Amino acid sequence: MSATSPAPDQPLLRDAAVIVDTSVSLTLGTDSLLVVDERFARKPDRGCCGLCKSKEPETKHAIALLNVLDAELRSSTLVITYARPAGKNEVSVATLAYPVSQKESSTIEPWVRKLVERAYGSAQRRKRLKVLVNPFGGTGTASYLYETYAAPIFAAAKCEMDVQATTHRGHAIEIAEQLDLDAYDAVICCSGDGLPYEVFNGLGKRANGREALARMAVAMLPCGSGNGMTWNCFGTDSVSITAVEIVKGLRTPLDLVSITQKDSRTLSFLSQSFGIVADSDLGTDNIRWMGAQRFTFGFLIRLLQRTIYPCDLAIKVDMKDKMAIKEHYISFKNRSDDPASADSDRTEAAKQSPGLPELKYGTVMDKLPEDWEIIPGETMGNFYAGNMAIMSKDTNFFPAALPNDGYLDVVTIDGMVSRASSLKMMNELATGGFFCMPDVNVRKATAFRLVPHEKEGYISIDGEQVPFEAFQAEVHHGLGTMLSKSGRVYEAEGPRV
Ligand SMILES: Nc1ncnc2c1ncn2[C@@H]1O[C@H](COP(=O)(O)OP(=O)(O)OP(=O)(O)O)[C@@H](O)[C@H]1O
């Protein structure tokens, strides 16, 4: 259910209904709070002949429990704050307040507790948030978006906010590296995907990197242009709806990927690309004036020219049959383990062994492990590895990607496929048929090494440009932590075969 749509009639819970202010009934369903307010209901007009009734005023409305931000008995008033739909893709804070007598309060108090328990489920209440705002993210409106659409929701949910603007490139790395882990529950990036990338790397740079990454959750308020992380975690690019989702967000372990280049080691949370995607994103600065269309335009030009990106590629493949990948996705989605206890076991283990995990396969400078599969790369068109499913709106490039299954989803497409097939792929990305197209090779993998043949070009890690030279990737199962809606899977349609 989305943050804007209240559920229809729900089965009632025991002791679910209370009456306040004589004629207002508040009834707790499994997914919504039903308010029936008869206080201002007019008696029906008799009409001219006593038969035709005039329209009755609205007395009933349902509020999705997801949208209930807080409820409390404040002196002799019951106050419920919630997020109310405000336009097509936004919500804003609304309040219900009813007088409660001394006598009534003994019945109302347990009901309020039950309402809050149901509204939050296993999500942590009153989160302590370190909010980082990139004043230059997207179109430069992150501060305005945060203050206007998110801050009022966090305040209504009684979150504690500590807001800081980033002042330079790499600032979020420094902040995360120094962050007091005991003072906050999550870092919220008001930005594009660039700031979360920095925060994961800053946490990972600490001497207790593994512990910091396990303890500190990261989430993003969509203030960039692609906003991949928010689409995956919450299925929206609305700042206000994301704020509600963060308030109700569940801690979710996230696989992170070590990237080695020469003697550097960084962490990636979203994607690694080489070939047409990296080139269309990073190599189109000359047409920035086109805005969001820049990528599509650059992509189409390269596709029609059948541009190739020769490379050596070796992958530690774990699954390559699409049906097996689909089954893996479904069985992961339907697992019945308790995510909260798995999360606390993981955090405890990280405290015992707090340093960043060793690299199982060494770095890109080491000898290539013998059991990696060599993939022909002479005519590579698109190499794209994803740790999340959606790369930007309507681009579910990795439908089988899971937050913490311990695998990267690697897609390779030969640059010599026909133009017609390439164009069909672009179309099928939006409709969900991309995964099963025969020219689209999909593998679940734990590591890979890519060596470009050319001297110049583009490699993108989480949308950021890195040196155009050999790189190696290795997945660390559940090393990081994010906030998400489901706590288990991304908000993307799974793979179709
Ligand atoms: N005050 C600042 N001045 C200059 N650069 C900054 C500042 N704060 C953050 N940055 C840098 O901006 C880069 C991009 O950040 P971010 O992803 O938030 O925006 P974006 O690139 O516009 O978004 P998108 O990738 O969705 O287009 C990051 O690498 C970050 O280091």
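This is a predicted model: local features need pLDDT of at least 70, side-chain atom pairs count only at pLDDT 80 or more; totals for chains, interfaces and linings use all residues.

User: How many helices and strands does the protein have?

Analyst: The protein has twelve helices and 22 strands. Its radius of gyration is 25 Å, close to the 23 Å that the globule rule gives for 497 residues, so the protein is as compact as a globular protein of that length.

User: What does the C-alpha trace span along its principal axes?

Analyst: The span is about 85 × 60 × 45 Å.

User: And how many of the residues count as buried?

Analyst: Of the 497 residues, 45% count as buried. As for contacts with a separation of 6 or more, residues 24 or more positions apart account for 75% of them.

User: At what angle do α2 and α7 pack?

Analyst: Helix α2, which comprises residues 142–156, packs with α7 at an angle of about 30°, and their axes are 9 Å apart. The crossing in which α2 passes α7 is right-handed.

User: Which residues meet there?

Analyst: From α2, the residues are L145, Y149, A150, I153 and F154; they meet V239, S240, A243, V244 and V247 in α7. By class, this contact has nine nonpolar residues, one polar residue and no charged residues.

User: Let us change topic. Which residues come nearest to the ligand?

Analyst: There are 22 residues around the ligand, and G137, S191, G192, G194 and G224 come nearest. Helix α4, residues 194–205, gives the most to this shell, with three residues.

User: What classes do the shell residues belong to?

Analyst: The shell around the ligand has 15 polar, four charged and three nonpolar residues.

User: One last item, A447. Where is it?

Analyst: A447 lies in strand β19, which covers residues 441–452.

User: Why does A447 count as buried?

Analyst: A residue is buried if 20 or more other C-beta atoms lie within 10 Å of its own. A447 has 22 other C-beta atoms within 10 Å, so it is buried.

User: Which residues does A447 touch, leaving out residues up to four places away in sequence?

Analyst: A447 touches K316, Y361, Q472, A473, E474 and V475.

User: And how far apart are A447 and R113?

Analyst: A447 and R113 are 334 residues apart in sequence, and 48 Å apart in space from C-alpha to C-alpha.

Methods. Residues are numbered from 1 along each chain as its sequence is written. A residue is near a molecule or strand if its C-beta atom, placed from the backbone, lies within 6 Å of it. Helices (H or I, at least four residues) and strands (E, at least two) are DSSP runs, numbered from the N terminus. Ala, Val, Leu, Ile, Met, Phe, Trp, Tyr, Cys and Pro count as nonpolar, Asp, Glu, Lys and Arg as charged, and the others, Gly among them, as polar. The radius of gyration is taken over C-alpha atoms; the globule rule is 2.2 Å times the number of residues to the power 0.38. A residue is buried if 20 or more other C-beta atoms lie within 10 Å of its own, exposed if 12 or fewer, and partly exposed in between; C-beta atoms are placed from the backbone. Two residues are in contact if their C-beta atoms, placed from the backbone, lie within 7 Å. Axes are lines fitted to C-alpha atoms, for helices over the stretch in contact, and angles run from 0 to 180 degrees between N-to-C directions. A crossing is left-handed if the near helix is turned anticlockwise from the far one by less than a right angle, and right-handed if clockwise.
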